[in-house]
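Please read the points below with the sequence and the structure side by side. They are meant for a reader who is coming to this chain for the first time.

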Amino acid sequence: MPDVIYLDANASTPCDSQVVHAMLPFFAERFANPSSRSHTPGREAFSALEEARRTVARCLGAASATEIVFTSGATEANNLAIRAAAAARTDHGRHLVSQKTEHPSVLQPLAALRREGWEVTLLGVDEGGRIRTGELEQALRPDTVLVSLMLANNETGVLQPVAEAAALAHARGALLHCDAAQGPGKLLLDLGELGADLASFSAHKAYGPKGVGAVYLRRGRPPLRLEPMLAGGGQERGLRSGTPNLPGAAGLAAALELAAERTDEDASRTAILRDRLEQEIMNGLDGVRRNGDLRHRLPNTTNLSFAGVDGSALLASLPDLAVSTGSACSSAAPEPSPVLRAMGVPPGLAAASLRFSLTRHTTEEEIGRAAQRVMEEVRRLRG
Ligand SMILES: Cc1ncc(COP(=O)(O)O)c(C=O)c1O
(Lines give C-alpha, C1' and ligand atoms only; values in the text may rest on other atoms or scores of the structure.)
Protein backbone atom coordinates (compact mmCIF):
# COMPACT_ATOMS: atom_id res chain seq x y z
CA MET A 1 0.00 0.00 0.00
CA PRO A 2 1.61 3.29 -1.03
CA ASP A 3 1.65 6.21 1.41
CA VAL A 4 -1.70 7.93 1.45
CA ILE A 5 -1.68 11.63 0.61
CA TYR A 6 -4.08 13.21 3.10
CA LEU A 7 -6.18 15.97 1.49
CA ASP A 8 -9.26 15.84 3.72
CA ALA A 9 -8.61 18.59 6.28
CA ASN A 10 -12.24 19.71 6.19
CA ALA A 11 -13.25 16.29 7.57
CA SER A 12 -10.57 16.36 10.25
CA THR A 13 -7.06 17.61 10.88
CA PRO A 14 -4.20 15.91 12.72
CA CYS A 15 -3.98 16.93 16.36
CA ASP A 16 -0.86 19.09 16.63
CA SER A 17 1.89 17.75 18.92
CA GLN A 18 1.85 21.03 20.90
CA VAL A 19 -1.86 20.51 21.45
CA VAL A 20 -1.35 16.92 22.62
CA HIS A 21 1.36 18.19 24.97
CA ALA A 22 -1.03 20.77 26.44
CA MET A 23 -3.69 18.10 27.02
CA LEU A 24 -1.54 15.32 28.52
CA PRO A 25 -1.34 16.53 32.16
CA PHE A 26 -5.14 16.49 32.40
CA PHE A 27 -5.53 12.76 31.79
CA ALA A 28 -3.62 11.08 34.61
CA GLU A 29 -2.03 13.78 36.80
CA ARG A 30 -4.42 16.72 36.95
CA PHE A 31 -7.47 14.51 36.48
CA ALA A 32 -9.79 15.94 39.15
CA ASN A 33 -13.31 17.00 38.32
CA PRO A 34 -13.47 20.79 37.79
CA SER A 35 -16.79 20.78 39.63
CA SER A 36 -15.25 19.24 42.79
CA ARG A 37 -14.54 22.53 44.52
CA SER A 38 -14.37 20.94 47.97
CA HIS A 39 -10.68 19.99 47.50
CA THR A 40 -7.50 21.46 46.08
CA PRO A 41 -7.13 19.20 42.99
CA GLY A 42 -10.74 20.00 42.04
CA ARG A 43 -10.20 23.73 42.51
CA GLU A 44 -7.03 23.52 40.40
CA ALA A 45 -8.93 21.69 37.68
CA PHE A 46 -11.56 24.42 37.80
CA SER A 47 -8.86 27.10 37.40
CA ALA A 48 -7.41 25.23 34.43
CA LEU A 49 -10.84 24.99 32.81
CA GLU A 50 -11.42 28.71 33.28
CA GLU A 51 -7.98 29.50 31.91
CA ALA A 52 -8.81 27.44 28.81
CA ARG A 53 -12.07 29.37 28.50
CA ARG A 54 -10.24 32.71 28.69
CA THR A 55 -7.78 31.59 26.02
CA VAL A 56 -10.59 30.43 23.71
CA ALA A 57 -12.41 33.75 24.20
CA ARG A 58 -9.26 35.78 23.53
CA CYS A 59 -8.27 33.80 20.42
CA LEU A 60 -11.75 34.09 18.92
CA GLY A 61 -12.13 37.77 19.76
CA ALA A 62 -15.01 37.29 22.22
CA ALA A 63 -15.55 40.16 24.65
CA SER A 64 -15.57 37.91 27.72
CA ALA A 65 -14.78 34.33 28.76
CA THR A 66 -18.34 34.02 30.08
CA GLU A 67 -19.47 34.02 26.43
CA ILE A 68 -17.85 30.62 25.80
CA VAL A 69 -19.59 27.33 26.67
CA PHE A 70 -17.67 24.11 26.02
CA THR A 71 -19.49 21.39 24.07
CA SER A 72 -18.66 18.04 22.47
CA GLY A 73 -18.09 19.70 19.10
CA ALA A 74 -19.81 21.83 16.48
CA THR A 75 -22.74 19.42 16.04
CA GLU A 76 -23.73 19.92 19.65
CA ALA A 77 -22.96 23.64 19.49
CA ASN A 78 -25.22 24.05 16.44
CA ASN A 79 -28.06 22.09 18.05
CA LEU A 80 -27.69 24.00 21.31
CA ALA A 81 -27.51 27.41 19.66
CA ILE A 82 -30.46 26.90 17.33
CA ARG A 83 -32.75 25.10 19.78
CA ALA A 84 -31.90 27.37 22.63
CA ALA A 85 -32.15 30.66 20.73
CA ALA A 86 -35.51 29.56 19.32
CA ALA A 87 -36.86 28.53 22.72
CA ALA A 88 -35.67 31.72 24.37
CA ARG A 89 -37.37 34.01 21.85
CA THR A 90 -40.86 32.53 21.41
CA ASP A 91 -42.30 35.86 22.62
CA HIS A 92 -40.77 37.47 19.51
CA GLY A 93 -42.11 34.98 16.95
CA ARG A 94 -41.71 31.53 15.45
CA HIS A 95 -39.88 32.14 12.19
CA LEU A 96 -36.33 30.98 11.42
CA VAL A 97 -34.14 31.67 8.38
CA SER A 98 -31.20 29.69 7.08
CA GLN A 99 -29.92 28.46 3.72
CA LYS A 100 -29.72 25.25 1.73
CA THR A 101 -26.00 24.45 1.89
CA GLU A 102 -25.71 24.43 5.68
CA HIS A 103 -24.23 21.41 7.44
CA PRO A 104 -26.74 18.69 8.49
CA SER A 105 -26.14 19.66 12.13
CA VAL A 106 -27.91 22.95 11.31
CA LEU A 107 -30.45 21.67 8.78
CA GLN A 108 -31.65 18.78 10.96
CA PRO A 109 -32.43 20.81 14.12
CA LEU A 110 -34.24 23.30 11.86
CA ALA A 111 -36.25 20.44 10.30
CA ALA A 112 -37.14 19.21 13.80
CA LEU A 113 -38.34 22.69 14.78
CA ARG A 114 -40.41 22.84 11.60
CA ARG A 115 -42.13 19.60 12.63
CA GLU A 116 -42.86 21.29 15.95
CA GLY A 117 -44.70 24.13 14.22
CA TRP A 118 -41.95 26.67 13.52
CA GLU A 119 -41.79 28.30 10.12
CA VAL A 120 -38.40 27.86 8.47
CA THR A 121 -37.28 29.75 5.35
CA LEU A 122 -34.29 28.16 3.61
CA LEU A 123 -32.67 30.58 1.19
CA GLY A 124 -31.18 29.34 -2.06
CA VAL A 125 -27.63 30.18 -3.14
CA ASP A 126 -26.15 31.60 -6.33
CA GLU A 127 -23.91 29.63 -8.71
CA GLY A 128 -20.96 30.37 -6.48
CA GLY A 129 -22.70 28.95 -3.42
CA ARG A 130 -23.36 32.27 -1.63
CA ILE A 131 -26.69 33.60 -0.44
CA ARG A 132 -27.97 36.80 -2.02
CA THR A 133 -28.27 39.36 0.77
CA GLY A 134 -31.24 40.97 -1.00
CA GLU A 135 -33.10 37.67 -0.64
CA LEU A 136 -32.22 37.50 3.03
CA GLU A 137 -33.53 41.03 3.50
CA GLN A 138 -36.81 40.03 1.88
CA ALA A 139 -37.10 36.84 3.93
CA LEU A 140 -36.73 38.66 7.26
CA ARG A 141 -40.05 39.34 9.00
CA PRO A 142 -41.06 41.03 12.23
CA ASP A 143 -41.49 37.57 13.77
CA THR A 144 -38.09 36.24 12.62
CA VAL A 145 -36.23 35.01 15.67
CA LEU A 146 -32.99 33.68 14.26
CA VAL A 147 -30.89 33.61 11.10
CA SER A 148 -28.38 30.75 10.92
CA LEU A 149 -25.61 31.21 8.35
CA MET A 150 -22.37 29.24 8.12
CA LEU A 151 -18.99 30.93 7.85
CA ALA A 152 -17.47 28.52 5.33
CA ASN A 153 -18.94 25.54 3.56
CA ASN A 154 -17.27 22.24 4.36
CA GLU A 155 -17.61 20.85 0.81
CA THR A 156 -16.69 23.87 -1.30
CA GLY A 157 -14.93 26.20 1.15
CA VAL A 158 -17.27 29.02 0.02
CA LEU A 159 -17.54 31.87 2.54
CA GLN A 160 -20.92 33.40 3.31
CA PRO A 161 -21.42 37.15 3.90
CA VAL A 162 -21.95 36.65 7.64
CA ALA A 163 -21.23 40.20 8.86
CA GLU A 164 -23.63 41.65 6.30
CA ALA A 165 -26.29 39.09 7.23
CA ALA A 166 -25.81 39.87 10.93
CA ALA A 167 -26.41 43.58 10.29
CA LEU A 168 -29.59 42.79 8.34
CA ALA A 169 -30.84 40.36 11.01
CA HIS A 170 -30.18 42.85 13.80
CA ALA A 171 -32.01 45.62 11.96
CA ARG A 172 -35.10 43.39 12.09
CA GLY A 173 -34.64 42.37 15.72
CA ALA A 174 -33.46 38.83 14.88
CA LEU A 175 -30.39 37.03 16.22
CA LEU A 176 -27.65 35.64 14.02
CA HIS A 177 -26.06 32.25 14.57
CA CYS A 178 -22.94 31.30 12.63
CA ASP A 179 -21.64 27.75 12.23
CA ALA A 180 -17.96 28.67 12.17
CA ALA A 181 -16.66 25.08 12.40
CA GLN A 182 -14.55 25.45 9.24
CA GLY A 183 -13.00 28.79 10.21
CA PRO A 184 -10.26 28.41 12.84
CA GLY A 185 -6.99 27.00 11.55
CA LYS A 186 -7.88 28.06 8.00
CA LEU A 187 -8.62 31.73 8.37
CA LEU A 188 -8.27 34.35 11.08
CA LEU A 189 -11.56 35.06 12.69
CA ASP A 190 -12.73 37.78 15.03
CA LEU A 191 -16.12 37.42 16.65
CA GLY A 192 -16.34 41.17 17.16
CA GLU A 193 -16.08 41.75 13.40
CA LEU A 194 -18.30 38.80 12.49
CA GLY A 195 -21.23 40.35 14.36
CA ALA A 196 -22.80 36.99 15.26
CA ASP A 197 -24.79 36.60 18.46
CA LEU A 198 -24.12 32.88 18.60
CA ALA A 199 -21.39 30.83 16.93
CA SER A 200 -20.26 27.22 16.84
CA PHE A 201 -16.72 25.84 16.86
CA SER A 202 -15.00 22.47 16.71
CA ALA A 203 -11.45 21.65 17.81
CA HIS A 204 -10.72 18.79 15.42
CA LYS A 205 -11.12 20.98 12.33
CA ALA A 206 -8.35 23.21 13.67
CA TYR A 207 -5.55 20.78 14.63
CA GLY A 208 -7.16 20.03 18.00
CA PRO A 209 -8.75 16.89 19.43
CA LYS A 210 -12.06 15.31 18.43
CA GLY A 211 -15.05 15.45 20.76
CA VAL A 212 -14.71 19.05 21.94
CA GLY A 213 -15.90 22.39 20.68
CA ALA A 214 -17.62 25.49 21.93
CA VAL A 215 -20.66 27.62 21.48
CA TYR A 216 -20.25 31.38 21.74
CA LEU A 217 -23.14 33.31 23.23
CA ARG A 218 -22.82 37.07 22.96
CA ARG A 219 -23.43 38.88 26.21
CA GLY A 220 -25.57 41.92 25.84
CA ARG A 221 -28.81 43.66 26.44
CA PRO A 222 -31.20 42.01 26.50
CA PRO A 223 -29.09 39.02 27.58
CA LEU A 224 -29.47 35.78 25.64
CA ARG A 225 -31.34 33.47 27.95
CA LEU A 226 -30.85 30.00 26.57
CA GLU A 227 -32.61 26.77 27.39
CA PRO A 228 -30.20 23.89 28.05
CA MET A 229 -30.62 20.70 26.01
CA LEU A 230 -29.32 18.33 28.67
CA ALA A 231 -30.77 18.10 32.16
CA GLY A 232 -28.24 17.27 34.83
CA GLY A 233 -25.72 18.78 37.20
CA GLY A 234 -25.92 22.28 35.75
CA GLN A 235 -22.29 22.62 34.61
CA GLU A 236 -21.29 25.42 32.20
CA ARG A 237 -23.56 27.84 34.06
CA GLY A 238 -26.50 25.51 33.63
CA LEU A 239 -26.26 25.47 29.83
CA ARG A 240 -24.45 22.21 29.30
CA SER A 241 -24.69 19.62 32.05
CA GLY A 242 -22.08 16.88 32.25
CA THR A 243 -18.58 16.70 33.75
CA PRO A 244 -16.46 19.19 31.80
CA ASN A 245 -13.99 17.69 29.32
CA LEU A 246 -10.92 19.39 30.76
CA PRO A 247 -8.31 17.72 28.49
CA GLY A 248 -10.52 18.63 25.53
CA ALA A 249 -10.97 22.25 26.66
CA ALA A 250 -7.19 22.58 27.15
CA GLY A 251 -6.72 21.07 23.68
CA LEU A 252 -9.18 23.48 22.06
CA ALA A 253 -7.45 26.41 23.76
CA ALA A 254 -3.99 25.25 22.64
CA ALA A 255 -5.22 24.65 19.07
CA LEU A 256 -6.71 28.14 18.85
CA GLU A 257 -3.56 29.73 20.28
CA LEU A 258 -1.50 27.97 17.66
CA ALA A 259 -4.00 29.01 14.98
CA ALA A 260 -3.71 32.66 16.06
CA GLU A 261 0.08 32.43 15.64
CA ARG A 262 0.33 30.62 12.36
CA THR A 263 -2.87 30.95 10.33
CA ASP A 264 -1.63 33.90 8.26
CA GLU A 265 1.40 31.98 7.05
CA ASP A 266 -0.43 28.64 6.72
CA ALA A 267 -3.23 30.24 4.73
CA SER A 268 -0.88 31.84 2.19
CA ARG A 269 1.08 28.61 1.80
CA THR A 270 -1.95 26.34 1.39
CA ALA A 271 -3.60 28.77 -1.04
CA ILE A 272 -0.53 28.59 -3.31
CA LEU A 273 -0.53 24.78 -3.18
CA ARG A 274 -4.31 24.56 -3.66
CA ASP A 275 -4.08 26.85 -6.70
CA ARG A 276 -1.28 24.73 -8.09
CA LEU A 277 -3.35 21.57 -7.69
CA GLU A 278 -6.23 23.21 -9.56
CA GLN A 279 -4.00 24.54 -12.33
CA GLU A 280 -2.23 21.25 -12.95
CA ILE A 281 -5.48 19.31 -13.13
CA MET A 282 -7.30 21.90 -15.21
CA ASN A 283 -4.38 22.31 -17.62
CA GLY A 284 -4.02 18.57 -17.97
CA LEU A 285 -7.65 17.57 -18.41
CA ASP A 286 -10.66 18.82 -20.33
CA GLY A 287 -14.11 18.86 -18.78
CA VAL A 288 -13.11 19.94 -15.26
CA ARG A 289 -15.36 22.37 -13.44
CA ARG A 290 -14.34 24.29 -10.33
CA ASN A 291 -17.26 24.59 -7.93
CA GLY A 292 -17.74 27.64 -5.75
CA ASP A 293 -17.07 31.37 -5.67
CA LEU A 294 -13.38 31.91 -6.34
CA ARG A 295 -13.13 35.23 -4.54
CA HIS A 296 -14.80 34.12 -1.33
CA ARG A 297 -13.46 30.76 -0.26
CA LEU A 298 -11.21 29.03 2.26
CA PRO A 299 -7.56 29.01 1.22
CA ASN A 300 -7.20 25.24 1.63
CA THR A 301 -10.23 23.94 -0.29
CA THR A 302 -11.16 23.15 -3.86
CA ASN A 303 -14.09 21.18 -5.21
CA LEU A 304 -13.75 19.85 -8.76
CA SER A 305 -16.22 18.05 -11.01
CA PHE A 306 -14.96 15.72 -13.73
CA ALA A 307 -17.35 15.38 -16.67
CA GLY A 308 -17.90 11.82 -17.83
CA VAL A 309 -16.73 9.96 -14.73
CA ASP A 310 -18.48 8.65 -11.64
CA GLY A 311 -17.23 10.26 -8.41
CA SER A 312 -17.43 7.02 -6.40
CA ALA A 313 -15.57 5.07 -9.11
CA LEU A 314 -12.92 7.79 -9.21
CA LEU A 315 -12.61 7.73 -5.43
CA ALA A 316 -12.35 3.92 -5.45
CA SER A 317 -9.56 4.09 -8.01
CA LEU A 318 -7.54 6.49 -5.85
CA PRO A 319 -6.78 4.49 -2.67
CA ASP A 320 -3.55 6.46 -2.33
CA LEU A 321 -5.43 9.76 -1.88
CA ALA A 322 -7.56 10.70 1.13
CA VAL A 323 -10.15 12.99 -0.47
CA SER A 324 -13.93 12.92 -0.37
CA THR A 325 -16.98 13.18 -2.59
CA GLY A 326 -19.10 15.14 -0.13
CA SER A 327 -19.20 15.93 3.56
CA ALA A 328 -17.78 13.10 5.68
CA CYS A 329 -21.10 12.69 7.48
CA SER A 330 -22.99 12.06 4.27
CA SER A 331 -20.35 10.35 2.16
CA ALA A 332 -22.07 6.98 2.73
CA ALA A 333 -25.13 8.36 0.90
CA PRO A 334 -25.06 7.62 -2.84
CA GLU A 335 -26.97 10.76 -4.03
CA PRO A 336 -25.06 13.67 -5.56
CA SER A 337 -24.07 16.32 -3.04
CA PRO A 338 -27.06 18.53 -2.02
CA VAL A 339 -24.59 21.40 -1.62
CA LEU A 340 -23.53 21.22 -5.27
CA ARG A 341 -27.12 20.62 -6.38
CA ALA A 342 -28.21 23.80 -4.55
CA MET A 343 -25.55 25.68 -6.55
CA GLY A 344 -27.11 24.46 -9.78
CA VAL A 345 -24.45 21.84 -10.62
CA PRO A 346 -26.22 19.23 -12.80
CA PRO A 347 -26.75 15.85 -11.01
CA GLY A 348 -24.31 13.97 -13.26
CA LEU A 349 -21.50 16.45 -12.62
CA ALA A 350 -22.35 16.81 -8.93
CA ALA A 351 -21.97 13.03 -8.62
CA ALA A 352 -18.56 13.28 -10.31
CA SER A 353 -17.02 15.72 -7.85
CA LEU A 354 -14.14 15.52 -5.45
CA ARG A 355 -13.30 17.79 -2.54
CA PHE A 356 -9.61 18.38 -1.89
CA SER A 357 -8.87 20.12 1.41
CA LEU A 358 -5.22 20.70 2.29
CA THR A 359 -3.75 20.63 5.78
CA ARG A 360 -1.02 22.94 7.04
CA HIS A 361 1.36 19.99 6.53
CA THR A 362 0.57 19.36 2.84
CA THR A 363 3.74 19.55 0.73
CA GLU A 364 4.46 20.64 -2.82
CA GLU A 365 5.59 17.12 -3.66
CA GLU A 366 2.26 15.68 -2.43
CA ILE A 367 0.32 18.17 -4.52
CA GLY A 368 2.30 17.25 -7.63
CA ARG A 369 1.70 13.54 -7.03
CA ALA A 370 -1.99 14.02 -6.21
CA ALA A 371 -2.56 16.00 -9.44
CA GLN A 372 -0.80 13.28 -11.48
CA ARG A 373 -2.81 10.48 -9.91
CA VAL A 374 -6.16 12.26 -10.42
CA MET A 375 -5.36 12.96 -14.08
CA GLU A 376 -4.25 9.36 -14.65
CA GLU A 377 -7.41 7.88 -13.18
CA VAL A 378 -9.81 10.34 -14.83
CA ARG A 379 -8.21 9.57 -18.22
CA ARG A 380 -8.43 5.82 -17.53
CA LEU A 381 -12.09 5.99 -16.48
CA ARG A 382 -12.99 8.16 -19.46
CA GLY A 383 -11.09 5.90 -21.83
C1 LIG B 1 -19.56 23.25 8.70
C2 LIG B 1 -19.58 22.18 9.75
N3 LIG B 1 -20.41 22.30 10.80
C4 LIG B 1 -20.45 21.38 11.77
C5 LIG B 1 -19.68 20.24 11.74
C6 LIG B 1 -19.76 19.24 12.84
O7 LIG B 1 -18.62 19.32 13.66
P8 LIG B 1 -18.26 18.25 14.76
O9 LIG B 1 -17.55 17.15 14.06
O10 LIG B 1 -17.40 18.98 15.73
O11 LIG B 1 -19.53 17.80 15.40
C12 LIG B 1 -18.81 20.07 10.65
C13 LIG B 1 -18.00 18.83 10.54
O14 LIG B 1 -18.05 18.13 9.54
C15 LIG B 1 -18.75 21.06 9.64
O16 LIG B 1 -17.93 20.95 8.60
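1. Strand E12 (residues 353-357) is mostly covered, since 5 of its 5 residues are buried; buried here stands for under 20% relative accessible area, exposed for over 50%, and partly exposed for what lies in between, with a 1.4 Å probe and protein chains only. Helices (H or I, at least four residues) and strands (E, at least two) are DSSP runs numbered from the N terminus. Ser353, Arg355 and Ser357 point one way from E12 while Leu354 and Phe356 point the other way, and all are buried.

2. The model is a predicted one, in which local features need pLDDT of at least 70 and side-chain atom pairs count only at pLDDT 80 or more, whereas totals for chains, interfaces and linings use all residues. Residues are numbered from 1 along each chain as its sequence is written, and side-chain values use heavy atoms, with hydrogens and water left out.

3. The partner of E12 to look at is strand E10 (residues 301-306), which pairs with E12 in the antiparallel sense over 5 bridges; two strands are said to pair if DSSP finds at least two bridges between them. In this pairing, Thr302 stands opposite Phe356 in E12.

4. Asp310 sits in the loop between E10 and helix H10 (311-316), and with a relative accessibility of 41% Asp310 counts as partly exposed. Leaving aside residues up to four places away in sequence, Asp310 touches Ala351 and Ala352, where contact means heavy atoms within 4.5 Å. Although Asp310 and Ala351 are 41 residues apart along the chain, their C-alpha atoms are separated by 6.4 Å.

5. Strand E5 (residues 144-148) is likewise mostly covered, with 5 of its 5 residues buried. Strand E3 (residues 95-99) pairs with E5 in the parallel sense over 3 bridges, and there Leu96 stands opposite Leu146 in E5. E5 also pairs with strand E6 (residues 175-179), in the parallel sense and over 3 bridges, with Val147 standing opposite Leu176 in E6.

6. The loop between strand E1 (5-6) and helix H1 (17-23) holds Ser12, and Asp16 is placed in the loop between E1 and H1 as well. Ser12 is buried, with a relative accessible area of 10%, and Asp16 counts as buried at 10% relative accessibility. When residues up to four places away in sequence are not counted, Ser12 touches Tyr6, His204 and Lys210, while Asp16 touches Tyr207, Leu258 and Arg360.

7. How many residues surround the ligand? There are 14, and the closest are Ala74, Thr75, Asp179, Ser202 and Lys205; a residue belongs here if one of its heavy atoms lies within 4 Å of the molecule. By class, this shell has 3 nonpolar, 9 polar and 2 charged residues, where Ala, Val, Leu, Ile, Met, Phe, Trp, Tyr, Cys and Pro count as nonpolar, Asp, Glu, Lys and Arg as charged, and the others, Gly among them, as polar. Helix H4 (residues 74-88) gives the largest share of the shell, 3 residues.

8. The ligand's atoms can be followed to particular side chains: a nitrogen atom of the ligand is 2.6 Å from an N or O atom in the side chain of Asp179, and an oxygen atom of the ligand is 2.8 Å from an N or O atom in the side chain of Gln182. A polar side-chain atom of Lys205 lies 2.7 Å from an oxygen atom of the ligand. Taken alone the ligand exposes 400 Å², of which the protein buries 88%, the areas coming from the Shrake-Rupley method with a 1.4 Å probe.

Notes:
Polar contact = N/O pair within 3.5 Å; in protein donor to acceptor, adjacent residues only side chain to side chain.
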